[in-house]
Amino acid sequence: MGQQDNRPVMITLEDATKVYTSGGEEVSAIDGVRLEVNQGDYVAVVGHSGSGKTTLVSVMGGLTRPTRGTVKVEGTDIWSLDNRELARLRSERIGFCFQFPSLISTLNCIDNVRLPASFAGGDGGVDAAMELLERVSVAEKARAFPKELSGGQQRRVAIARALFNRPRIILADEPTGDLDEDTEEDIMELFDEVNGEGVTIVMVTHSRRLARRAARVLTMENGTLAENGAGSREA
Amino acid sequence: MVGIDPETDFTVGPWLEEHAGGKLADDEVILGANAHIFFGKSESHVGDVEFFYGRPFKVVGILEATGLGIDDDAFITLDAAYELSSESNVDAVEKADIEPGQISTVMVKVDPRYDRADVARNISLQVPGTAGVTSKELMATSLSRQLQTLTPGLLLIGAGFWFISVLMIGALFTMIVNERRRELGLLQAMGATRGFIFREVMLEAVELTLLGGVTGIVAGSVLILVLKGPVADSLGVEFVWPSASYLVVFTVGYLLLAALTGALAALYPAVSASRLEPYQAIRSGE
Ligand SMILES: Nc1ncnc2c1ncn2[C@@H]1O[C@H](COP(=O)(O)OP(=O)(O)O)[C@@H](O)[C@H]1O
Ligand SMILES: [Mg+2]
């Protein structure tokens with residue numbers, strides 16, 4: 001743990017709160033969350049369904065504006081950025097893996113993977129995209145459209161897309177949701193690999209087994225966060 | 001060939017006064033738009049000298065195409081016509097057979113308060129040797145007057161349809177945006193700016209209405225090609241294409257209007273699409 005403390009802070013949440021109003025009732029999806037994630041951390045977030053895990057990562061990734069509190073990425077208060085700067089942060093520094101299928105249906109796999117580069121103003125090279133598709137073992141489907149892929153293949157492509165702009169942070173919301181164990185293992189190995197390259201990972205999962213692969217495990221409960229120490233790698 | 005009395009003529013006379021600044025002289029001719037075809041030329045110009053029955057005439061004016069029979073006519077003075085006729089047995093290959101003083105037609109401009117058919121009947125009864133007829137061809141003037149009174153109504157109906165189409169395209173794009181909320185949110189998550197989302201929606205709308213505009217022009221042209229014959233026949237006029245420059249201006253203007261329609265209709269959906277909070281958008285339809 002001593003080594004961790006020397007690394008720069010990547011993500012900071014202070015009093016992060018998101019209140020939803022549904023049916024006239026106010027629900028705090030996350031409530032006063034305080035958190036620091038260091039560069040190169042591998043954090044797993046576990047918790048019951050509805051406990052606020054998705055809200056937590058989407059507030060971190062600049063996809064949901066918190067009702068209260070601040071979110072800093074590398075020291076920048078992201079919710080004080082203007083729309084262009086925030087868009088740029090999303091495209092350049094954060095790779096997001098969604099809980100559900102998230103490919104653009106009208107683009108083939110390789111174009112889906114290259115999509116983030118088009119917003120970052122990069123050249124979005126086909127070669128780099130192919131390389132990533134090989135890395136997630138769906139290179140043979142490069143020219144296929146999302147609907148021609150199995151759920152597992154779609155997730156692999158979505159992960160390749162999240163990695164395309166070489167983000168410093170990966171936010172993954174149940175990235176192996178309903179996948180078979182082999183695919184799940186492939187993706188977990190890929191995350192280990194990417195984390196080994198210094199990328200910070202925050203992964204939501206409801207599987208304690210998967211959570212044990214992370215260096216840190218956090219538990220969400222009713223919108224609040226509790227730390228339950230390190231996963232297996234530090235045990 | 002039409003010989004007219006420059007003193008009393010009201011058909012080409014006023015035009016001549018306006019365009020050539022005077023009355024027709026005995027050695028001058030005004031040509032209908034297609035008259036040059038009859039003397040085997042591809043076109044005629046003001047100032048040219050053309051021969052009719054061996055007699056030279058200076059072209060002082062060429063009429064615009066009207067779609068009427070007068071497009072084929074050449075107008076000279078009545079005196080010139082008599083002279084031409086009497087000399088034609090000497091000068092021309094074929095003799096023109098008109099006796100001096102002979103008149104084929106007297107045109108009568110009827111005060112709009114009187115019924116033309118009544119006037120025609122009375123002339124036939126009171127002037128021996130004449131047959132009063134109402135001219136179908138001259139109806140072109142009343143036809144264009146009728147069209148002129150119809151035009152504001154047609155414009156109003158057109159504006160109404162246009163307004164409805166703006167609303168309908170707007171509704172369509174609101175639906176499209178709603179259906180694509182997820183993907184629009186995903187694009188934002190990947191770094192698309194609000195401006196990008198706005199432009200995407202607008203572009204798509206403009207593409208759609210431009211396509212509609214092109215379809216409209218093609219369909220309209222086909223309709224004109226198919227119907228111009230029957231309609232012209234039933235109205236007793238000939239179909240005249242507008243000039244090329246008019247067609248170009250019309251086409252470009254029409255397509256611009258189509259694009260503008262799309263932009264206007266998609267404005268609200270595009271703005272609301274660009275304002276979606278990414279995660280809310282992505283989550284919709286989950
Ligand atoms: N858009 C929303 N509108 C209303 N309530 C929401 C919305 N999003 C999430 N919630 C509520 O916030 C709480 C946390 O949701 P979520 O972050 O998705 O939890 P988890 O990912 O742990 O299942 C839930 O009670 C959920 O119903
Ligand atoms: Mg969730």
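Select Thr54(A) to begin: this residue is buried, with a relative accessible area of 10% (buried is under 20%, exposed over 50%, partly exposed in between, with a 1.4 Å probe and protein chains only). The model is predicted, so local features need pLDDT of at least 70 and side-chain atom pairs pLDDT 80 or more, while totals for chains, interfaces and linings use all residues. Residues are numbered from 1 along each chain as its sequence is written, chains are lettered from A and ligands numbered from 1 in the order in which they are written, and side-chain values use heavy atoms, with hydrogens and water left out.

Helices (H or I, at least four residues) and strands (E, at least two) are DSSP runs, numbered from the N terminus. Gln99(A) is partly exposed, at 25% relative accessible area.

**Ligand 1**

Move to ligand 1, which lies between chains A and B. Its surroundings (residues with a heavy atom within 4 Å) include Lys53(A), Thr54(A), Thr55(A), Gln280(B) and Arg283(B). Show the polar contacts, meaning pairs of N or O atoms within 3.5 Å; within protein, one must be able to donate a hydrogen and the other to accept it, and residues adjacent in sequence count only if both atoms are side-chain atoms. One oxygen-atom distance to ligand 1 is 2.7 Å, from a polar backbone atom of Gly50(A). For a backbone N or O atom of Gly52(A), the distance to an oxygen atom of the ligand is 3.0 Å. From chain B, an N or O atom in the side chain of Arg283(B) is 2.6 Å from an oxygen atom of ligand 1.

Which elements give two or more residues to the shell around ligand 1? They are H2 of chain A and helix H8 (278–283) of chain B. H2(A) gives the largest share, three residues.

**Aromatic rings**

Select Phe96(A) and Phe98(A), a stacked pair with 4.8 Å centre to centre and 25° between the planes. Rings of Phe, Tyr and Trp (its six-membered ring) pair if their centres lie within 6.5 Å; planes under 30 degrees apart count as stacked, over 60 as edge-to-face and the rest as tilted. Both Phe96(A) and Phe98(A) are buried.

**Chain B strands**

Go to Arg55(B), in strand S4 (residues 55–62) of chain B. Arg55(B) is buried at 13% relative accessible area, and its side chain makes a polar contact of 3.0 Å with that of Glu83(B). Then select Glu28(B) in strand S2 (residues 28–31) of chain B, which counts as buried at 17% relative accessibility.

**Two loops of chain A**

Most residues other than glycine have a negative phi. Glu74(A), in the loop between strand S4 (68–73) and strand S5 (76–77) of chain A, has a positive phi near 50°. Is Glu74(A) buried, partly exposed or exposed? Glu74(A) is partly exposed, at 28% relative accessible area. Last, select Asn222(A), in the loop between strand S9 (216–221) and strand S10 (224–230) of chain A. Asn222(A) has a positive phi of about 50° and counts as exposed at 68% relative accessibility.
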